[in-house]
Amino acid sequence: MLKILSGNKVSELDQSFIKHENISSWQLMERASLAFSNWFMQSHGNSGDKVFVFCGPGNNGGDGLAIARQLFDKGFSVSVVLFSSLSNSSKDWQENFKMLPEDIGKFQFDDFDFQLADGGIIIDALFGIGINRPLEGKFLKAILSLNKIGGEKIAIDIPSGLPSDDLVEGEAFLADVTVSFQFPKLSLLVPDHVKFVGDLEVVDLGIPSSFLERFESPYYFIQSASVKQGHTKFHKFSHKGDFGRVLFIGGRKGKVGAIILSAKAALRTGSGLVHVWAEGSSEDVIHASALELMTEGEEVMKRIDDFDALGIGPGMGEIPEMVFEEILRSFRKPIVLDADALNMIARHSELWDLLPSGSILTPHVGEFDRLAGKSMDHFDRLKKAKTLAEKNKIYLVLKGAYTCISTPDGKQYFNSTGTKHMATAGSGDVLTGILTSFLGQGYSPFNACVAGVYHHGLAGEIASKEKVRGTIASDILEKIPESFLKLGID
Ligand SMILES: NC(=O)C1=CN([C@@H]2O[C@H](COP(=O)(O)OP(=O)(O)OC[C@H]3O[C@@H](n4cnc5c(N)ncnc54)[C@H](OP(=O)(O)O)[C@@H]3O)[C@@H](O)[C@H]2O)[C@@H](O)CC1
Ligand SMILES: Nc1ncnc2c1ncn2[C@@H]1O[C@H](COP(=O)(O)OP(=O)(O)O)[C@@H](O)[C@H]1O
Ligand SMILES: [K+]
């Protein structure tokens, strides 16, 4: 798992890593700049476009100067625009300035006509994680000009103006792509900043995850390697009992499709036996949609403890509080709660105390705000999610781009898979199915959450490669098996 450090820990990380590797700070900057330039060459090739690098006075500007040199060496026509002089710039900035080839265009901000850069490739190296106040003066003027002109906009590490762990104040660079070093900064992962960040790329500086573990931080970015490790291995003599018996409760009042999506997703995730308790009249459609599904009625309450896991809520509507309470009282293993089950808890706060510890709640932002009250911004929402998970000893899966899992021990794990094409009705129901399936197969709630959100996002990515904006939730669940193949899990 990749730790996400706060901006003020990064210089500590740098110093410590430099010492550990016995390299200079310039060498680390060169490594970071090469990581960017290699990404750039891979994504742009030798396009022949003009490149303009806007370099601030700190190490972000130093990266910019090194990148300018590296891209020039690859044959690009490169110009740099400077905001500081040699004497008031960082040490490694000075080093890189001296190394700039003669034929690179060099402009001082005051003399630069921004129309020159219009239509070119604009690389923002004004400020990185060292920004400590809102932009003003020449820096603000530059960002406003850059935001107005055309061309492709790429930010190094973080769009200039964004603080690394907080909400933006004032203006910031509007990037099409942000190329962040080693791990994504927290503020790149919140919906409030999407217009600044654009697409997010994370490039590796070769700092091992284990090294990052030395630094205090509650935030993590989920990586495929840790998802792979978290999977249970099944053997030659495994039988369907090993793969769990799960029950889905929901699918009423014209929304039977929701619970069918969850149930089919559980089958595709590997569940042995999948039962559905939905509105009585929907039995036929459930059987017709998947022959493997079994339907249940109210009498299932008598044997509810036979199930390994429950998934409650998709398309459920408001059911009598008594019935909901009885389910929570009779089933004491972790449960997945989604959609209307979350709305029930939002309306009847006494139900919080009945949730089996280790249960998984999967609200989208709207459902979360009903559960926890309105939030000022996503940072505020993340704090509330952390508190709710700790207080109730549950796993809170706050869905969206970069879905965030808050755990009972106060940590927060951001998902790295997924695509905008998953913003389609029923895609959350598919996630409920996957999570319930993993719980039923005996995964710990933590492993179920991490593997669940990762596979859901990966299946969505695979589906959207074919179906693009026509992707529907059924496409996502049909690609779950391919998401296992991609990780080499049988
Ligand atoms: N391990 C890694 O990830 C690596 C990271 N690296 C790179 O280093 C970057 C961080 O560099 P950094 O610490 O020098 O900070 P950076 O953002 O360039 O600027 C800070 C300077 O600006 C100033 N200042 C601040 N706010 C201001 C404002 N609003 N308006 C005006 N001035 C303002 C402030 O000085 P002050 O004015 O406060 O005295 C300071 O001088 C990081 O993002 C990445 O690109 C790699 O090179 C190596 C490996
Ligand atoms: N822009 C996006 N990028 C990545 N994943 C997304 C995006 N939009 C939605 N998703 C994912 O799709 C699912 C949507 O869930 P939800 O809003 O509950 O939908 P529904 O209620 O229709 O099933 C969540 O798992 C969410 O993480
Ligand atoms: K930047």
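Biologist: In E17, what is the bridge partner of leucine 396?

Modeller: Good place to start: this is a predicted model, in which local features need pLDDT of at least 70, side-chain atom pairs count only at pLDDT 80 or more, and totals for chains, interfaces and linings use all residues. Residues are numbered from 1 along each chain as its sequence is written, while chains are lettered from A and ligands numbered from 1 in the order in which they are written. Within E17, leucine 396 is bridged to serine 406.

Biologist: How many bridges join strand E16 to strand E17?

Modeller: Strands are DSSP runs of E with at least two residues, and helices are runs of H or I with at least four, numbered from the N terminus. Two strands pair if DSSP finds at least two bridges between them. E16 (residues 395–398) and E17 (residues 404–406) run antiparallel, and the number of bridges joining them is 3.

Biologist: Which strands stand at the edges of the sheet?

Modeller: The open sheet has 11 strands with mixed pairing, in the order E1-E9-E18-E17-E16-E15-E14-E13-E10-E11-E12. Each edge strand has a single partner, so one side of it lacks a neighbour in the sheet; these are E1 (2–4) and E12 (294–296).

Biologist: And ligand 1: which helix gives the most to its shell?

Modeller: Here 30 residues surround the ligand, the closest being Gly58, Asn59, Asn60, Gly128 and Gly130; a residue is near if its C-beta atom, placed from the backbone, lies within 6 Å. Helices H1 (7–21), H2 (25–44) and H3 (59–73) are the elements giving two or more residues. With 5 residues, the top contributor is H3.
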